[in-house]
Amino acid sequence: MIKIAVFDSKQYDVEPMGPCGEARGVEFKFFEPKLTSDTVGLAAGYDGVCVFVNDTVDARVLDMLTEQNIRLLALRCAGYNNVDVKHAYGRVHVVHVPAYSPYAVAEHAMAMLLTSVRRIHKAYARTRDFNFSLSGLTGFDMHGKTVGVVGTGRIGRVFIDICRGFGMNVIAYDKFPAHDANIDYVTLDELYARSDIISFHCPLTDETYHMLNRDSIKTLKRGVVIVNTSRGALIDAEALLDGIKARVIGAACLDVYEEESDIFFEDNSGHIMDDDTLARLLSMPNVLVTSHQAFLTREALHNIAECTVDNIVTFFERGTCDNELCYRCGKTDTCRAQRIEKCF
Ligand code: NAI
């Protein structure tokens with residue numbers, strides 16, 4: 001049996017991953033704590049570790065994993081901004097799940113957008129209290145509105161298809177435009193200036209960090225609705241709050257938040273919220289927050305479990321895996337497609 005320590009695990013991880021692993025000779029031990037330099041000792045004696053979006057896999061943790069002879073870090077997610085992939089080179093092999101259900105995330109983005117624009121969350125709370133007043137619930141038609149999509153990869157393209165079904169005008173920005181896809185690409189500046197709705201679907205990198213910031217918010221169309229189901233730090237949260245207070249931003253739908261790691265996925269209902277920016281955002285009538293939930297469908301969880309197990313089995317059989325991240329340059333797709341040798 002291949003023994004893998006799973007960090008930051010929840011019941012919804014255990015249910016699909018346990019049986020899937022058993023069927024392929026992988027024994028998972030599910031730990032609730034996140035992987036950090038304080039918890040890394042739990043991985044002693046295992047062949048590999050499995051982590052999620054908010055585990056800390058920095059140089060220090062990677063060194064400690066190496067000291068414990070851990071050869072594999074299996075991410076059960078697509079994004080890997082929480083892993084120092086360059087430091088991992090020569091130490092620990094890193095694999096991820098590049099795609100598990102772009103529909104799950106794109107549909108959640110649209111669900112948040114519709115909820116916010118049509119005030120469904122307000123109406124739900126009101127009618128349960130036998131309050132059938134409509135005051136303050138006026139929304140707007142999606143049909144004919146311009147939606148700006150930042151990042152036209154797997155999720156962005158599904159979101160574009162959904163928006164087209166609503167009769168919206170879609171414009172998009174991508175650093176690497178897909179010219180085969182019949183997408184109306186514009187510059188990021190133009191997208192910010194023209195969009196009634198902006199939805200983020202690009203990865204978090206040094207380049208995209210705070211791509212929506214104090215300066216760019218000044219260039220937005222008044223009343224714009226911001227949707228972020230990608231990574232929190234694409235948006236400067238304090239600048240977003242100020243943009244909402246200044247009435248520039250009409251609404252924000254946030255599935256991710258830049259300081260989410262110690263807050264999201266946990267029940268903090270009995271605690272005083274230390275994060276003033278998040279508390280203030282949550283107090284706004286036009287801000288909708290979900291707790292990094294966009295991936296959470298039965299189909300996605302099943303696909304994550306299958307791909308993670310397959311990555312682990314393939315790596316331990318062959319010493320490499322198609323879903324391995326390339327450490328040499330820190331990039332993935334281009335490098336991986338060309339690579340025929342093992343990374344190290
Ligand atoms: P993908 O790799 O298929 O697409 C990403 C797109 O972003 C590509 O077209 C790429 O060219 C583009 N891009 C890269 N750098 C850019 C830049 N500097 N400016 C503009 N565009 C840039 O990724 P996919 O599967 O569509 O996922 C997108 C993001 O969604 C992930 O990076 C992840 O952060 C997030 N995500 C969130 C989930 C959630 O539960 N909230 C679940 C899964 C992914």
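In this predicted model, an oxygen atom of the ligand sits 2.6 Å from an N or O atom in the side chain of Asp-174.

An α-helix has 3.6 residues a turn, so residues three or four places apart point the same way. In helix 6, the buried residues are Gly-156, Val-158, Phe-159, Ile-160 and Cys-163, and what covers them includes helix 4 (102-117) together with strand 6 (146-150), strand 7 (169-173) and strand 8 (197-200). Just after helix 6, Gly-167 adopts a positive phi of about 75°.

The strands lead on to an open sheet of 6 strands, whose order is 7-6-8-9-10-11 and whose pairing is parallel. Strand 7 and strand 11 (287-289) form the edges, each pairing on one side only, and neighbouring strands of this sheet are turned by 15° against each other on average, direction ignored. Within the sheet, strand 9 (residues 224-228) and strand 10 (residues 249-254) run parallel and are joined by 5 bridges; Val-225, for instance, has Ala-251 in strand 10 as its bridge partner. Helix 9 (residues 237-245) lies across strand 9, strand 10 and strand 11, and runs at about 140° to strand 10.

A last stop is Lys-10, which belongs to the loop between strand 1 (2-6) and helix 1 (11-23). Is this lysine, Lys-10, buried or exposed? Lys-10 counts as buried because its relative accessible area is 17%, and the cut-off for that class is under 20%. The side chain of Lys-10 makes a polar contact with the side chain of Asp-8, at 3.3 Å, and, leaving aside residues up to four places away in sequence, Lys-10 touches Phe-265 and Glu-266.

Note on methods
Residues numbered from 1 in each chain as written. Predicted model: local features only at pLDDT ≥ 70, side-chain atom pairs only at ≥ 80, totals over all residues. Heavy atoms only, no water. Buried < 20%, exposed > 50% of the residue type's maximum accessible area, 1.4 Å probe, protein only. Helix = DSSP H or I, 4+ residues; strand = E, 2+ residues; numbered from the N terminus. Contact = heavy atoms within 4.5 Å. Pairing = 2+ DSSP bridges. Axes fitted to C-alpha atoms, helices over the stretch in contact; angles between N-to-C directions. Polar contact = N/O pair within 3.5 Å; in protein donor to acceptor, adjacent residues only side chain to side chain.
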